[in-house]
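Trainee: I would like to go through this structure in questions and answers. Please begin with the terms.

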Amino acid sequence: MPIRTAGPDTGLEPDHALESAPARAAGRLTGGLFGAVTVVPALLAAAWLLPGLPLLLAGRLSAPPLVFMFSPLAVGLCYLALRQRPATWPGFRGQAKPVPWWAVAATVAVAVGFAAWQIAERSEQVIVVRDPAAYLQVGYWIAHHGSLPIPQQAEAFGGAHPGLTFASASFTPVGSGLVPQFMSGLPLVLAAAVWLDGIPAALVITPLIGACAVLSFGGLAGRLVGARWAPAAAAALALSLPEQYTSRGSFSEPLVQVLLFGGLCLLIDSLVIARQAATASARDTARRHDWPGQDRVLAALAGLALGLTALIRIDGLSDILMAVPFLGLLFAARRRQAVPFGLGLVVGVGYGLADGFLKARSYLDLQASSLRPLGLVSALVVLLTLAGLAVARRPAALAWLRDRLTAGRIADWLPVAAGAVIVAIFVGFALRPLTRKVAGQYYHDSLYWVIWYIGLPAVLLGAFGLAVLTKRCGRALLAWTDPDAEARTWALPLLTAIWVIVTVLWRPAIAPDQPWASRRLVPFVLPGLILAAIWAAAWLRDLAGQRDAARVTSGVVASCCVAALLIPATLTNLDLGFSPNASGSGRHLSARGMAFRRIGVGEPTAVNGLCAAVGPDASVVILDPLTADRFAQVARGQCDTPTAVMGHPTPAKVGAVVSGIQRAGRRPVLLARDGSVLTPYGGGPRQVVSLLTTQDAHNLTMPPDRPWPIWFTVWMSNPT
């Protein structure tokens with residue numbers, strides 16, 4: 001089937017009689033390009049993960065077979081998604097306008113600029129302090145060994161010994177192996193970079209993923225509000241400190257965003273294509289032969305992309321939970337996208353559950369306090385969806401419900417009440433710090449975290465937008481009519497935004513130090529508020545355009561709204577201030593914030609030096625817990641050396657392990673943070689790592705304005 005872009009000549013969008021043929025052709029070209037570039041990242045991610053996890057589960061992950069399966073799969077998914085696509089979307093209030101070339105160029109430019117900026121300021125965290133380095137070490141391990149769990153290799157130490165363990169931060173012993181305490185999705189992607197150029201490439205790939213997330217977010221905003229708003233939405237997300245923070249290190253959140261935003265874009269395309277095709281009676285005959293139908297294909301790909309978020313983060317199950325009632329709405333409306341969307345969702349979620357139960361069961365057990373309530377809530381949502389679907393399938397029950405809604409004008413005031421509830425939720429979060437009963441309950445300030453990072457104007461606009469959208473979509477649902485397609489395209493993004501914002505702000509479930517805790521805002525708290533704020537800005541612009549001097553007034557209002565979204569985030573990032581001149585006289589304006597601060601500079605070089613010092617045929621024993629947490633997997637993975645940890649070392653215990661290593665035909669190496677720890681065991685202790693670098697700040701009551709220092713020291717000895 002030839003690749004087609006939806007347009008007047010294909011019957012997929014209404015003809016604009018006043019537009020010239022060249023203008024329509026240019027609009028179709030830019031609209032098709034805009035639609036394509038904003039979903040391709042999600043399709044490529046899905047194409048990599050689909051064969052990657054089975055290979056990992058089989059213990060046979062390696063570059064040749066994965067690339068061999070990825071290449072045709074990526075081409076196939078992209079072809080299926082792009083062979084026929086909309087060139088326009090309903091946008092704000094159903095005002096389908098052609099996509100201008102400058103909107104596409106500006107959105108891409110924002111993403112490219114973001115990529116260049118984050119690559120320049122990328123983290124070099126390879127020593128395990130928190131999750132980024134742990135993700136990187138697992139990616140490095142599976143790239144070179146192709147399987148999980150990581151073997152303990154007790155035989156390299158002469159077998160088991162009293163006090164000898166193998167656990168370290170983020171790596172839990174299970175049987176004879178070590179299980180990483182997170183899902184396998186991001187390490188599978190990092191493994192691709194390791195195959196290309198080792199650790200340096202792996203440190204660059206996450207900024208590129210973050211840039212793809214920014215691009216896809218621009219595509220989502222363009223579909224929901226209008227392509228002319230896409231650059232502003234992309235810039236607002238790109239300038240937020242949490243987005244930059246998670247894109248500079250090996251965090252899972254940007255990859256979740258790529259799949260989440262891309263999946264929502266594909267779903268909107270599916271709904272728009274179905275609506276446009278339904279209005280084109282001339283295509284009725286052709287549609288019968290266009291099996292399975294592009295709307296179904298896009299819906300299946302959308303469900304798959306959304307479901308695969310569970311393979312990246314187990315919290316992704318919560319992020320996509322609102323897809324269940326949305327699926328119920330599709331079935332109730334007898335939309336043909338319902339079955340393929342549901343099947344794609346099941347396949348994607350199945351991948352995540354398979355990884356969790358087969359490769360990360362101990363991690364799921366560790367997260368049981370969060371997963372059990374999520375399971376109960378999910379079961380309740382499914383039951384309520386089935387109950388609603390059962391009512392919708394019974395004409396008598398549906399007629400009775402409609403009579404009840406119309407009898408007391410419930411259908412008139414209920415949407416207004418729903419919008420008021422949204423406002424009340426934000427007011428409640430704003431007042432929540434006043435209810436703090438125990439000192440140190442910093443999660444009560446979760447709404448203020450959001451205000452720190454995107455500014456009060458964005459939060460106010462976002463809350464207003466969510467409230468009005470809730471009212472409008474609720475009214476469309478109760479009336480069961482959606483003439484401008486606003487409700488159907490906004491339904492799942494709106495449900496997801498409200499659900500994620502409420503659940504994350506109520507219980508962030510993370511250590512509250514900043515910027516670490518800000519990563520919980522990245523998947524859809526900040527994006528959801530920015531989306532709603534962009535819609536509110538479009539609403540205010542439209543309102544201003546109804547006055548005299550409409551063009552000038554609406555332009556001023558739009559500019560002010562965009563400035564209100566961009567300036568506060570920029571100021572938080574830059575932390576502008578006056579610094580003394582080098583000469584000692586006078587002061588100059590400088591950016592002192594996190595915008596141009598790097599984390600972990602020099603760590604790869606320090607690790608390379610450690611590996612060179614350890615040398616071949618060694619077995620490493622680490623004698624203090626801090627060094628073990630930081631360097632055990634580094635030595636085991638990057639240095640390719642069996643590594644163990646001795647708890648509460650004594651000369652007798654260490655001597656037994658040293659003898660066991662020698663019996664195994666290997667060379668014993670002892671590591672510790674301080675040379676005095678190694679002195680009792682001989683071997684001439686010497687310092688092999690001494691690195692003063694930077695780590696994340698640990699602020700509790702304000703956003704971070706600079707990284708904190710950290711000093712890594714490792715001493716080594718070779719006992720005989």
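This is a predicted model: local features need pLDDT of at least 70, side-chain atom pairs count only at pLDDT 80 or more; totals for chains, interfaces and linings use all residues.

Trainee: How much space lies in the largest pocket?

Mentor: On a 1 Å grid over the protein atoms alone, a pocket is an open set of points with protein on both sides within 12 Å along at least five of seven lines, whereas a cavity is a set where a 1.4 Å probe fits but cannot get out; lining residues have an atom within 4 Å of a point. Grid points are joined across faces, edges and corners, and a volume is the space filled by probe spheres set on the points. For the largest pocket this space is about 1700 Å³.

Trainee: How do the residues lining the largest pocket divide by class?

Mentor: The lining has 44 residues, and Leu-329, Cys-473, Leu-477, Leu-478 and Trp-480 lie nearest the pocket's centre. Helices (H or I, at least four residues) and strands (E, at least two) are DSSP runs, numbered from the N terminus. Helices supplying at least two lining residues each include H14 (323-332), H17 (368-392) and H21 (456-479). By class, the lining divides into 33 nonpolar, 6 polar and 5 charged.

Trainee: Which helix gives the largest share of the lining of the second largest pocket?

Mentor: The second largest pocket holds about 900 Å³, and 36 residues line it, with Asp-315, Gln-367, Ser-370, Ala-509 and Arg-520 nearest its centre. Its lining has 20 nonpolar, 8 polar and 8 charged residues. Among the helices that supply at least two residues each are H5 (131-145), H13 (316-319) and H16 (361-366). The largest share, 6 residues, comes from H17.

Trainee: How many lining residues of the largest cavity come from helix H8?

Mentor: The structure holds 7 cavities of 30 Å³ or more, and about 120 Å³ of space lies in the largest cavity. That cavity is lined by 13 residues, and those nearest its centre are Gln-244, Tyr-245, Arg-248, Met-594 and Ile-599. By class the lining has 5 nonpolar, 5 polar and 3 charged residues. The share from H8 (residues 241-248) is the largest, at 4 residues.

Trainee: Are H11 and H15 roughly parallel or roughly perpendicular?

Mentor: Axes are lines fitted to C-alpha atoms, for helices over the stretch in contact, and angles run from 0 to 180 degrees between N-to-C directions. Angles under 35 degrees count as roughly parallel, over 145 as roughly antiparallel, 65 to 115 as roughly perpendicular and the rest as oblique. The axes of H11 (residues 294-307) and H15 (residues 338-359) come within 6 Å and cross at roughly 25°. This angle is why the two helices are roughly parallel.

Trainee: In which hand do H14 and H17 cross?

Mentor: Their axes come within 9 Å and cross at roughly 15°, which means that H14 is roughly parallel to H17. A crossing is left-handed if the near helix is turned anticlockwise from the far one by less than a right angle, and right-handed if clockwise. The crossing of H14 and H17 is right-handed.

Trainee: Which residues of H17 meet H14?

Mentor: Contact means heavy atoms within 4.5 Å. On the H14 side, Val-324, Pro-325, Gly-328, Phe-331 and Ala-332 take part. On the H17 side they meet Val-381, Val-382, Thr-385, Leu-389 and Ala-392.

Trainee: What is omega near in the cis peptide bond from Gln-514 to Pro-515?

Mentor: Pro-515 is found in the loop between H22 and H23 (525-544). The bond from Gln-514 to Pro-515 is cis, with omega near 10°.

Terms used:
Residues are numbered from 1 along each chain as its sequence is written. Side-chain values use heavy atoms; hydrogens and water are left out. Ala, Val, Leu, Ile, Met, Phe, Trp, Tyr, Cys and Pro count as nonpolar, Asp, Glu, Lys and Arg as charged, and the others, Gly among them, as polar.
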